[in-house]
Amino acid sequence: MVSLFVAQIRGLDQLESSEVLVAQNVFFAIIALVMVLAALKMVTTENIVHAALYLVIVLAGAAGMFILLGAEFIAVTQILVYIGAIIVLFLFGIMLTKGSFGTEEGEFIEKSQMAVLVAVLIVTVASGSFIDSFRYTELSREAPSTTAEIGDTIFSQFIIPFEAISVLLLAALIGSVVIARRDQ
Amino acid sequence: MLLNQFLILSAVLFSIGVYGVLTRRNGVMVLMSIELILNSVNINLVAFAAFREAISGEVFALFVIAVAAAEVGVGLAMVLLLYRNRRNIDLAGIDSMKG
């Protein structure tokens, strides 16, 4: 039993690169389908808490996409910051404002045909230009980026944007406290 | 893998997010749709980073994540302020600055 398992694991190393590619495409198709369906449910559902949970599915799918693209540090950051922190913030925001919404007016604006038109136009124009420009462009299959490389790049080439981001985060922190606190 | 499959996926997610921003009346839902838009942009950035084998795309994706976190903090604070002043967060009802 154990030897069979070990043989299976050893067999994984011997996957041909074409087999890896097929596996990547299968996983891409599954994750992309789940992401698009969850995003559609998120923008159309009446229940806001359900919408937040659908957003979790989309964000987790995006993390899977980052892993498929060989960017594992971005994937981990995505899970930590988005699913760990931002979704919790959203749930707090939903709970603090819940019951405030008059259901007789509905969750949606009345005339949504223009919104559908804009969305369809965006996806048509963008997809058309992508297909026109990168029709047969393959992604390179070099070794994926390492976390050390990202750290080196941030702290050498992008050090000034990095410091600016830290000041921005501080400003946003103070600003949100000032906006949201009750006046004495 | 083709580059296009990631780009078209992110275009689809972007347009779904735009649809959400345009149709929802709830302030929190609009902020969540904006998160969807920023996420599709991140997929685009990382896909181009893998295509060009340049690390800068991934660094930019990290910056986008940080700016999105700041934006959600300020945005939710504004939604809470709106709720405290008006007792609802219906964005269609905010027209006091309409000319």
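**Close-up views of a predicted two-chain model**

H2(B) and H3(B) are roughly antiparallel to each other, because angles over 145 degrees count as such. This is a predicted model, in which local features need pLDDT of at least 70, side-chain atom pairs count only at pLDDT 80 or more, and totals for chains, interfaces and linings use all residues. Residues are numbered from 1 along each chain as its sequence is written, and chains are lettered from A in the order in which they are written.

**View 1. Packing of H2(B) against H3(B).** The two helices (DSSP runs of H or I, at least four residues, numbered from the N terminus) pack at an angle of about 175°, their axes 9 Å apart. Axes are lines fitted to C-alpha atoms over the stretch in contact, and angles run from 0 to 180 degrees between N-to-C directions. The contact of H2(B) with H3(B) has 17 nonpolar, 5 polar and 2 charged residues.

**View 2. The side of chain B that touches chain A.** The contact (C-beta atoms, placed from the backbone, within 7 Å) takes 75 residues from chain A and 65 residues from chain B. On chain B, helix H1 (3–23), helix H2 (27–52) and helix H3 (56–86) each supply at least two residues. H3(B) gives the largest share, 21 residues. By class, this side of chain B has 46 nonpolar, 12 polar and 7 charged residues.

**View 3. Helix H3 of chain A and the residue Gly70(A).** H3(A) covers residues 48–68. Gly70(A), with a positive phi near 80°, follows H3(A).

Key: Two residues are in contact if their C-beta atoms, placed from the backbone, lie within 7 Å. Ala, Val, Leu, Ile, Met, Phe, Trp, Tyr, Cys and Pro count as nonpolar, Asp, Glu, Lys and Arg as charged, and the others, Gly among them, as polar. Angles under 35 degrees count as roughly parallel, over 145 as roughly antiparallel, 65 to 115 as roughly perpendicular and the rest as oblique. The expected span of a helix is 1.5 Å times one less than its number of residues.
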